[in-house]
Amino acid sequence: MSVALELFAQQGADPTAGLTAIGRGIVYGAAAIGPGIGIGIVVGNAITAMARQPEAAGMVRTTMFLGIAFTEALALFGFVLSFIVSG
Amino acid sequence: MILSSLLALEFPPVSHVTEWPNFIGDGLFGVNKVVLLMWISVALVFGFFFIAGRQRKLVPTGVQNVAESVNDFVRESVVLQTMGPEGLKYMPLLVMMFTFIFVGNVWEIIPVAQMPVNGRIALPAYMGVLVWVLFNVIGIRSQGFFGYFKSVLFPPGVPKLLYILVTPIEFVSTLVVRPFSLAVRLFANMLAGHLLLVSFIVITAAVFSLGPQLVIWPVAFGLLVGLYGFELLVAVLQAFIFTILTAVYIAGAMHPEH
């Protein structure tokens, strides 16, 4: 790390340039992990429920969209935060 | 210059992906393409329901048919699923909300427009605050001021000691995060879709300009066409989710939890 910083300093380059982009990527990437798993669980269980009781499919589908919406909100917060992160 | 940027005929600079230049006025009250599209969507929704409801027939035809099916969809899969028959008095609000958000979203995939109105935070934020005021007023009116806040902040069936933990969580999740998450969900979905389409359009154009004989550009173009269909799905789904969450919040405010 210090070697890289010295190299940057010798060439007169800004060692922090581009760190913002990396930070943005990490913010959104990390925020998408949990909701990704969560949406998988929600939809998987909804499909199980629909397969077991096809006559309740309408109600399950509505509840499934609600669950997706609540879970997905976390990932979208990360999406918005990644725009707010600045160097 | 203005006309071609308005109609998306020429390739705009990358800063115009979400920030359109004003063409009337400037500053805070300038009118740019997003504002213009918002006015057009208001006029479209109003005109659609005005024409559909002008001559009400028992057996609907034409425009009335479309309006009736929108009405039916909101009634069957939003209102009756969440609020039950007593929620039918909020039908006008929810139908207008669904239609307006859908029209605002679907500008994203219409050539010449190519910009979702809800891809800017202003309109979703306004609608989020509107829903927040609405469900709080409905809750206070149907349960009384103290009754409503008691049922929100102190949900029954919780051990007394846990209220130290539950009350702040309920306060934040019900009264602070709800309008924010409603607005951000709609905004971020539309903005993400817009950026996705922009990226694929740029990729297709760049690869095509490298050489039309390249094998890869039909792949990029095919993906772009597929994404247009996907964004139509997202436009409908986000309008549906916004409407159904509004209905759920109103239903939760009308009746205390048991």
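This is a predicted model: local features need pLDDT of at least 70, side-chain atom pairs count only at pLDDT 80 or more; totals for chains, interfaces and linings use all residues.
**View 1. Chain B is built from helices.** Chain B holds eight helices and zero strands. Read along the sequence, its pattern is α-α-α-α-α-α-α-α. The C-alpha trace spans about 70 × 55 × 40 Å along its principal axes. Chain B has 258 residues, and 30% of them count as buried. Take the contacts in chain B with a separation of 6 or more: 63% of these join residues 24 or more positions apart.

**View 2. Chain A has three helices.** Chain A contains three helices and zero strands. From the N terminus on, its elements run α-α-α. Of its 87 residues, 9% are buried. Among contacts in chain A with a separation of 6 or more, 79% come from residues 24 or more positions apart.

**View 3. Chain A touches chain B.** How many residues of each chain take part in the contact? Eleven residues of chain A are in contact with 13 residues of chain B. On the side of chain A that touches chain B, nine residues are nonpolar, one is polar and one is charged.

View 4. Helix 4 covers residues 91-106 of chain B, 16 residues in total. From its first C-alpha to its last, helix 4 of chain B reaches 22 Å. That is close to the 22 Å expected at 1.5 Å a residue. Buried residues in helix 4 of chain B include Leu94(B), Val95(B), Met97(B) and Phe98(B). Thr99(B), Phe100(B), Ile101(B) and Phe102(B) are also buried. Which elements cover the buried residues of helix 4 of chain B? The cover includes helix 2, helix 3, helix 5, helix 7 (163-210) and helix 8 of chain B.

**View 5. Helix 3 of chain B packs against helix 8 of chain B.** Helix 8 of chain B covers residues 216-254. The axes of helix 3 and helix 8 of chain B lie 8 Å apart, at an angle of about 30°. That angle makes helix 3 of chain B roughly parallel to helix 8 of chain B, because angles under 35 degrees count as roughly parallel. The crossing of helix 3 of chain B with helix 8 of chain B is right-handed. Helix 3 of chain B contributes Val74(B), Val78(B), Val79(B) and Thr82(B) to the meeting. From helix 8 of chain B come Thr243(B), Ile244(B), Ala247(B), Val248(B) and Ala251(B). By class, this contact has seven nonpolar, two polar and no charged residues.

**View 6. Helix 5 of chain B crosses helix 6 of chain B.** Helix 5 of chain B runs over residues 122-143, and helix 6 of chain B over residues 145-153. Their axes come within 6 Å and cross at roughly 115°. Helix 5 of chain B passes helix 6 of chain B in a right-handed crossing. On the helix 5 side of chain B stand Gly139(B), Ile140(B) and Gln143(B). They meet Phe145(B), Gly147(B), Tyr148(B) and Ser151(B) in helix 6 of chain B. The residues of this contact divide into three nonpolar, four polar and no charged.

View 7. Val112(B) is found in the loop between helix 4 and helix 5 of chain B. Gln114(B) lies in the loop between helix 4 and helix 5 of chain B as well. Phi of Val112(B) is near 85°, a positive value in a residue other than glycine. Phi of Gln114(B) is near 55°, also positive in a residue other than glycine. Why does Val112(B) count as exposed? Val112(B) is exposed because it has 9 other C-beta atoms within 10 Å. Gln114(B) has 18 C-beta neighbours inside 10 Å, so Gln114(B) counts as partly exposed.

**View 8. Val59(B) sits in a loop of chain B.** Val59(B) is found in the loop between helix 2 (33-52) and helix 3 (63-82) of chain B. Is Val59(B) buried or exposed? Val59(B) counts as exposed, because it has 6 C-beta neighbours inside 10 Å. Val158(B) is 99 residues from Val59(B) along the chain. The C-alpha atoms of Val59(B) and Val158(B) are separated by 53 Å.

How values were computed. Residues are numbered from 1 along each chain as its sequence is written. Chains are lettered from A and ligands numbered from 1 in the order in which they are written. Axes are lines fitted to C-alpha atoms, for helices over the stretch in contact, and angles run from 0 to 180 degrees between N-to-C directions. Helices (H or I, at least four residues) and strands (E, at least two) are DSSP runs, numbered from the N terminus. A crossing is left-handed if the near helix is turned anticlockwise from the far one by less than a right angle, and right-handed if clockwise. Two residues are in contact if their C-beta atoms, placed from the backbone, lie within 7 Å. Ala, Val, Leu, Ile, Met, Phe, Trp, Tyr, Cys and Pro count as nonpolar, Asp, Glu, Lys and Arg as charged, and the others, Gly among them, as polar. A residue is buried if 20 or more other C-beta atoms lie within 10 Å of its own, exposed if 12 or fewer, and partly exposed in between; C-beta atoms are placed from the backbone. Angles under 35 degrees count as roughly parallel, over 145 as roughly antiparallel, 65 to 115 as roughly perpendicular and the rest as oblique. The expected span of a helix is 1.5 Å times one less than its number of residues.
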